[in-house]
Amino acid sequence: MKKDFYEILGITKSASPEEIKKAYRKKAIEFHPDKNPGNAEAEENFKLCAEAYEVLSDPNKKAKYDQYGHQAFDGSGGFGGGGMNMDDIFSQFGDIFGGAFGGSGFGGFGGNSGGQRRVKGSNLRIKVKLTLEEVANGVEKKVKVKRKVQAPGVRYKTCSACNGQGQVLRVTNTILGRMQTATTCPTCGGAGQSIESKPANADAQGMILEDETVSIKIPAGVVDGMQLKVSSKGNDAPGNGIAGDLIVAIEELEHEFLKREGENLHYDLYISYPEAALGVSKEIEAVNGKVRIKLEEGIQSGKILRLKGKGIPSLNSYGSGDLLVHVNVWTPKTLNKEQRQFFEKSLTDDNFIPHPEKSDKSFFEKVKDMFS
């Protein structure tokens, strides 16, 4: 089980953005690879701290994490907030430790240990439509993606402007003395390499478009508008760069009979006067097939039956919601002569006169119970 992000940074859920940044800065210095050479545990903690900061520093991601936990991002298919590499992490440092360190390190530490920063390719975005049944049970979708990949036969050479570092150093004089800053090389765009030769069908960066079928495992319980991430299935980067990610936006299709409300489902069941008076067994729709329920005789219109665990599974695996069946007694709009005579006689029959009991809840009480 993944460790809680707040626990990793040593903060509480009420921590302010500045407190989150300060906590990450402290942890990053503590576990930085240059301070702990060859220490695999420190490097793993360094990555965990970066992953925690990536989520908690973003208000939208933080809100999703607070509501759904880790599965809001990584689900069960290897996509999500995790999987950060060292280049992703060091790219955060320009904001955390100031531009004076060029986004590659801080203080006396080398950040990328003097090595070349690897450029990351651009992300791709797609929308995946899911039925309510797919949302409830989880599903694996195969989608065709048109992504940029390095063309066969393309050759790169070390960028002469930055000597393969992807960055150029600039020294400026300030009132505090000489200050050195690192910026992305304008010649190679940070790749550290430039094209030596390329096929005729490749673009200026040595890329071609290629169709690829990507398998996406979507966990049960996702919600409309949620975004999942499939690592390294975006566009390739030139040279020895790393591929971007595929961002998958979830769109939930409307169900013919069931209405979703969080993890609960609602179903409108219509029955006739005779069925309400005599009682009846009915088969209704559920996300995992049909369910048969028994209605007692004399059931009242507006009664809500709660079927435990027949709703949508929790994204955090905390069980499932319920299926709420709303009973509606259907009033016929037209009557034949015989039916009309029956109801006219019933008008004075005491058995047909409403006698609500204390146990018969009002509409507002039913709504209150429904949301409790």
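Student: What should I know about numbering and cut-offs before we start?
Tutor: Residues are numbered from 1 along each chain as its sequence is written, and side-chain values use heavy atoms, leaving out hydrogens and water. This is a predicted model, where totals for chains, interfaces and linings use all residues, local features need pLDDT of at least 70, and side-chain atom pairs count only at pLDDT 80 or more.

Student: How many helices and strands are there in the protein?
Tutor: Both are DSSP runs numbered from the N terminus: helices are H or I with at least four residues, strands are E with at least two. On that basis the protein has 11 helices and 15 strands.

Student: What percentage of the residues count as buried?
Tutor: Buried means under 20% relative accessible area, exposed over 50%, and partly exposed in between, with a 1.4 Å probe and protein chains only. The protein has 372 residues, and the buried share is 40%.

Student: Cys-162 has a cysteine sulfur nearest to its own; how many disulfides does the structure hold?
Tutor: A disulfide here is a pair of cysteine sulfur atoms within 2.5 Å. For Cys-162, the nearest cysteine sulfur belongs to Cys-188 and is 3.8 Å away, so by the 2.5 Å cut-off Cys-162 is in no disulfide. Cys-162 is buried, at a relative accessible area of 7%.

Student: In what order do the 3 strands of the open sheet run?
Tutor: Strands pair if DSSP finds at least two bridges between them. The edge strands, pairing on one side only, are E1 (124-130) and E8 (227-230). The pairing in this open sheet is mixed, and the order is E1-E9-E8.

Student: Which residue in E9 is the bridge partner of Val-230?
Tutor: Strand E8 and strand E9 (residues 246-252) pair in the antiparallel sense, over 4 bridges. In E9, the partner of Val-230 is Leu-246.

Student: Is the aromatic pair of Phe-5 and Tyr-65 stacked or edge-to-face?
Tutor: Rings of Phe, Tyr and Trp (its six-membered ring) pair if their centres lie within 6.5 Å; planes under 30 degrees apart count as stacked, over 60 as edge-to-face, and the rest as tilted. Phe-5 sits in helix H1 (residues 5-9) and Tyr-65 in helix H4 (residues 59-68), 60 residues apart. Their rings are 4.7 Å centre to centre with 25° between the planes, and that makes the pair stacked.

Student: Are Phe-5 and Tyr-65 buried or exposed?
Tutor: Phe-5 has 3% relative accessibility, and Tyr-65 has 5%. Because both values fall under the 20% cut-off, Phe-5 and Tyr-65 count as buried.

Student: Why is the pair of Tyr-270 and Trp-330 called edge-to-face?
Tutor: Tyr-270 lies in strand E11 (residues 264-271), and Trp-330 in the loop between strand E15 (323-329) and helix H10 (337-346). Tyr-270 is partly exposed at 48% relative accessibility, and Trp-330 is partly exposed at 47%. The ring centres are 5.9 Å apart, and the pair is edge-to-face because the planes stand at 80°.
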